[in-house]
Structure formats: structure tokens, C-alpha cells
Amino acid sequence: MKTWDVIVIGGGIIGISLSIDLRKKGASVLVVERGEPGREASSAAGGMLVDCQLETLSALRPLATASARMYPEFVHELQVESGMKIDLRDQGTIVFPPAAHASHPALQTATVPEPLAEFEPALAPSGRPAFYLRERSVDPRGLTAAALQTAKRRGVDISSGDEVTAVNVSNSRVTGVKTTKTAFHAPKVVNCAGAWSGQIPPHAFPTRPVKGQMLYLASPLRNLLSHVIRSPEIYLIPRSDGRILVGTTVEEAGFDKRTDTGTIQRLYRAAVAMVPELRNAKILEDWAGLRPGTPDALPILGPTATPGYYVATGHFRDGILLAPITAQIMADVITGTGCPYDLTPFSPARFSNS
């Protein structure tokens with residue numbers, strides 16, 4: 001009977017990144033994914049690596065800032081090990097904040113370095129205050145594919161198309177997981193199942209799916225936009241191949257991943273209003289993803305009340321951003337090598353049923 005040191009439930013960017021860090025520490029790892037690895041929230045995300053006090057909850061800022069700083073090395077390592085290219089861009093972000101936030105202290109030094117019409121000529125004149133943030137963005141699909149290839153090359157075992165139905169416990173300790181097809185054995189299990197995390201006994205983590213619809217446009221000009229554009233109505237994320245991602249909605253719609261024409265057209269019209277040249281762009285695809293939300297909008301990270309059972313979920317809109325730091329922290333916690341961060345704000349113990 002094969003046994004692993006750690007079983008990771010969930011093959012998104014959080015679970016896959018964690019499996020890589022656990023392998024670095026010498027642990028044998030099995031990732032069990034209900035569908036196809038990387039095809040849920042990870043591949044549906046926008047990929048903005050937001051590191052702004054205005055937009056990040058205070059409890060999350062230390063992790064967000066640390067993770068954003070880790071990204072160049074994180075991407076470099078995955079590219080070298082996978083042999084795949086990851087589109088990481090560092091041109092920065094132009095932010096049009098809500099009127100009530102335009103005087104926020106976090107923005108007062110974030111001045112656009114030259115007249116906006118010269119800095120990003122494709123933008124329609126708006127008369128609204130604009131600010132410039134030195135943020136990066138990444139293509140989540142390429143990132144997740146490279147992480148998956150890296151994990152495989154490092155010897156992570158992966159079971160796909162097999163849903164975990166329960167974490168097995170004997171004598172009050174974890175012994176592995178039960179799936180729809182079989183059972184796998186390990187003395188340690190970590191739940192990285194995103195929006196589905198709360199459906200796996202014995203702990204009902206209060207995660208829920210938060211739907212986001214978005215689309216890709218084929219830009220009429222390859223370099224139409226240089227910067228990520230963020231406003232209360234919409235965000236635009238340019239890719240290096242000329243595509244522009246337009247997002248997004250925040251919907252409480254259960255596990256419904258369908259898009260609707262009216263919403264996609266509304267997003268498209270908002271994109272054209274911001275960048276008029278996009279009226280000549282073609283819609284390449286549209287889709288919806290299910291972000292894992294929690295009651296306080298903070299992740300759930302750390303050991304549970306059941307010895308050997310850990311959780312890393314509930315990253316909401318920051319799963320891509322927080323992948324490197326989550327992997328590092330949780331690998332430290334699971335292997336008992338010490339964690340330099342205070343995880344109290346993220347403890348599952350803050351929810352009585354977790």
C-alpha cells in the first residue's frame with residue numbers, strides 16, 4: 001500500500017505551488033484534483049499582482065507585499081524548471097480610484113510620471129484623477145501550466161478527475177483521504193480545494209464560490225496598451241502577445257460558471273469607453289471563474305483542530321498573487337520548520353466549525 005508524506009487536495013496554483021515547496025523539503029507528495037489541474041479559479045484569474053494599501057485588507061498586507069516581491073524569482077524558477085515561458089509584465093498599473101479614495105495617503109506619492117495622454121495614449125480623456133503603481137501582472141494560465149510541469153519534474157504525483165469526498169481520520173489523527181474512486185494514504189493532508197474546500201469532511205470551512213465573468217479581446221494593435229488599467233467599473237490587463245483581458249464581475253451565484261451575453265457585452269462596452277480603439281477589437285473568448293470567498297475576505301491558512309490536517313484556501317481574488325508566499329509558509333508549517341509570519345488572522349480556529 002503506497003503512502004505519501006503529504007496529500008494536497010486541489011490542483012490549482014496554490015496546491016501545485018505548495019507541492020513544489022514540499023518536494024524541496026524532501027517530502028513525498030500526492031496532489032488529488034477533482035477535475036483537470038489548474039483549470040478552475042487559477043486559469044480563470046486576471047493575474048494582477050496587486051500590492052496597494054488601498055485595495056488590500058490590512059491583515060493581508062505583509063503577505064501580499066512579500067509575495068509580490070517574490071514573483072520575479074518565483075517565475076524565473078518555474079520557467080527554468082519547466083522549460084515554458086511565463087508572461088510576467090512589470091510596466092505597472094494606472095489606477096482611477098473611486099472618487100472617495102482619490103485622496104487616500106497610499107496614492108499621494110503614486111503620481112503618473114508624465115502627462116497621462118503621453119504615458120498611455122490609448123486611454124480616452126476622462127478628467128478623473130489617475131495614479132501610477134509599480135505593480136506586475138502575470139498570465140495565470142501560463143503560470144499554472146509551468147507550475148504543473150515543474151511539479152511533475154520534481155516528482156510530485158498527481159491524481160486528476162477524482163474528487164476527494166472526505167479526509168480519513170483514525171484515533172483522532174489524519175490517515176489520508178477518501179475519493180469517489182479509491183483511498184490514498186498519508187499522515188498529513190492539506191486542503192487547497194478553493195471554493196470546494198468546505199464540502200470535504202470533517203471540517204466545514206466557510207468557503208463559498210464568488211463568480212467572476214471576463215473576456216479576452218484581440219487588440220487591433222499589438223502594443224495598444226502598455227499598462228494594466230484599473231477603475232471602479234472595469235480593469236484591462238494587456239498580455240505581451242496583444243491580447244487584452246477585460247474583467248470582471250463579483251457575483252454570488254453558487255457554483256454556476258456560465259457566462260451571459262448581457263454581462264459580457266457590458267464589460268466590452270466599458271472597455272471601449274475607456275480605450276476607444278478597442279471598438280475594432282474582436283472578442284476571442286469569454287468565461288467565468290469561481291473565486292474561493294470567506295466571511296471576512298481573508299484566507300484560511302494553518303493547522304486545523306485535527307492533528308495532521310492543514311488548510312490553505314479562501315484566497316478570494318488574490319490566489320495568483322499569494323501563491324508563492326502561501327507555498328512557502330504552508331510548507332514550513334507542515335514540515336515543522338517554523339514560520340516567520342503571524343498566521344493568527346488566518347487561522348481556521350476563527351471559525352467555530354473549522
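Modeller: Let us begin with Thr248, which is found in the loop between strand β16 (243-247) and helix α6 (261-274). Please keep in mind throughout that this is a predicted model.

Biologist: What kind of peptide bond joins Gly247 and Thr248?

Modeller: The bond that joins Gly247 and Thr248 is a cis peptide bond, and its omega is about -10°.

Biologist: And which kind joins Pro201 and Pro202, and where does Pro202 lie?

Modeller: Pro201 and Pro202 are joined by a cis peptide bond as well, with an omega of about 15°, and Pro202 lies in the loop that runs between β12 (188-191) and β13 (208-218).

Biologist: Which residues of α1 and α7 make the contact?

Modeller: From α1 the contact is made by Ile13, Ile14, Ser17, Leu18, Asp21 and Leu22, while the residues that α7 brings include Ile320, Leu322, Ala323, Met330 and Ile334. By class, the contact of α1 with α7 has eleven nonpolar, five polar and one charged residues.

Biologist: What about α3 and α5, at what angle do they cross?

Modeller: The axes of α3 (residues 61-82) and α5 (residues 140-153) cross at roughly 60° and come within 8 Å, and these two helices are therefore oblique to each other. The crossing of α3 and α5 is left-handed.

Biologist: Who meets whom there, in α3 and α5?

Modeller: On the α3 side there are Tyr71, Phe74, Val75, Leu78, Glu81 and Ser82, and they meet Leu143, Ala146, Ala147, Gln149, Thr150 and Arg153 of α5. Sorted by class, the contact of α3 with α5 has seven nonpolar, three polar and two charged residues.

Biologist: Changing topic, how many cavities of 30 Å³ or more are there?

Modeller: The count comes to one cavity of 30 Å³ or more, and the largest cavity has a volume of about 40 Å³. It is lined by Arg89, Gln91, Gly92, Glu135, Arg136, Ser137, Ser226, His227 and Val228, and this lining divides into one nonpolar, five polar and three charged residues.

Biologist: And how much space lies in the second largest pocket?

Modeller: About 420 Å³ of space lies in the second largest pocket. Of the 17 residues that line this pocket, the closest to its centre are Asp51, Leu133, Arg134, Glu135 and Arg136.

Biologist: Which elements give two or more residues to that lining, and how do its residues divide by class?

Modeller: The elements that give two or more residues to the lining of the second largest pocket are α3 and β6 (131-133). The residues of that lining divide into eight nonpolar, three polar and six charged.

Key: Residues are numbered from 1 along each chain as its sequence is written. This is a predicted model: local features need pLDDT of at least 70, side-chain atom pairs count only at pLDDT 80 or more; totals for chains, interfaces and linings use all residues. Side-chain values use heavy atoms; hydrogens and water are left out. Axes are lines fitted to C-alpha atoms, for helices over the stretch in contact, and angles run from 0 to 180 degrees between N-to-C directions. Helices (H or I, at least four residues) and strands (E, at least two) are DSSP runs, numbered from the N terminus. Angles under 35 degrees count as roughly parallel, over 145 as roughly antiparallel, 65 to 115 as roughly perpendicular and the rest as oblique. A crossing is left-handed if the near helix is turned anticlockwise from the far one by less than a right angle, and right-handed if clockwise. Contact means heavy atoms within 4.5 Å. Ala, Val, Leu, Ile, Met, Phe, Trp, Tyr, Cys and Pro count as nonpolar, Asp, Glu, Lys and Arg as charged, and the others, Gly among them, as polar. On a 1 Å grid over the protein atoms alone, a cavity is a set of points where a 1.4 Å probe fits but cannot get out, and a pocket is an open set with protein on both sides within 12 Å along at least five of seven lines; lining residues have an atom within 4 Å of a point. Grid points are joined across faces, edges and corners, and a volume is the space filled by probe spheres set on the points.
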